[in-house]
Amino acid sequence: MITSAVVSAWLWVHIGVLLIVVGYATCGHAIAPIATERGRVKLAIRPVRTALVGVLISGPWVVASIVLMNLPNGALKFAGVALLVVWLMVCFIGLGSVALHVGDRGTSGGARWTDVSRGAAFLALTWMLPVVGWFVALPLSLACGLGCMLGSRRVLVAAD
């Protein structure tokens, strides 16, 4: 039997995830607007390459942190948690580029932070879809955010 407490708990967890994703993406854009714009351009020019770079770097990073968290030594567990938190922070800040790319579609003349907020809300709502959102959209968009962060250092030109 599902009680109102269970429904309320699930509702507030989802609202919290939505607010956290929008907050991190918007703050990432506010802190580094030039890097966010460069990452968006990189994602627009080469989306598959950007996502692939993010996946290839995220895979070993996450596996190493999970292995460290499962070791019996407390200091290594802490290192694994710290490694995973750093990965999440870099991905969430890089998610500002992905959110800007998604939120920029079909709008004209608005402020950039509203585009980032709109795109981040759309991404967070996509993550809440059962199975596809949890296991495909969430890891892929986080890895794409990492790829955008790494790609924001140098924007590819069309001839590249």
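Let's start with the pocket. Two helices, α1 (4-31) and α6 (132-151), each supply at least two residues to the lining of the largest pocket. Keep in mind that this is a predicted model.

Which helix gives the most to that lining? It is α1, with four residues. The pocket has a volume of about 190 Å³. Find these residues on your screen: W10, V13, H14, V17, W127, M128, W134 and L138. Together they line the largest pocket. Now sort them by class. Seven are nonpolar, one is polar, and none is charged.

Helix α6 gives the largest share of the patch, five residues. V131 sits elsewhere, in the loop between α5 (112-127) and α6.

Next, charges. Side chains of opposite charge can pair when their charged atoms come close. How many salt bridges does a search of the whole structure find? Five.

Take E37 and R40. Their side chains form a salt bridge, 2.6 Å from N to O. Both residues belong to helix α2 (residues 33-45). They are three residues apart there, so about one helical turn separates them. Is R40 buried or exposed? Buried, because its relative accessible area is 17%, and the cut-off for buried is under 20%. E37 has 24% relative accessibility, so E37 counts as partly exposed.

E37 has another partner. R112 meets E37 in a salt bridge of 2.9 Å, N to O.

R112 is partly exposed, because its relative accessibility is 29%. D104 is partly exposed too, with 24%.

Now put the pieces together. E37, R40, D104, R112, D115 and R118 are linked in a network of salt bridges.

One last stop: P60. Look for P60 in helix α3 (residues 47-69). With 53% relative accessibility, P60 counts as exposed, since exposed means over 50%. How far apart are P60 and R112 in sequence and in space? They are 52 residues apart in sequence, and 33 Å apart in space, C-alpha to C-alpha.

Note on methods. Residues numbered from 1 in each chain as written. Predicted model: local features only at pLDDT ≥ 70, side-chain atom pairs only at ≥ 80, totals over all residues. Heavy atoms only, no water. 1 Å grid on protein atoms, 1.4 Å probe; cavity = no way out; pocket = protein on both sides within 12 Å on 5 of 7 lines; lining within 4 Å. Points joined across faces, edges and corners; volume = space filled by probe spheres on them. Nonpolar A, V, L, I, M, F, W, Y, C, P; charged D, E, K, R; others polar. Buried < 20%, exposed > 50% of the residue type's maximum accessible area, 1.4 Å probe, protein only. Salt bridge = Lys/Arg side-chain N within 4 Å of Asp/Glu carboxyl O.
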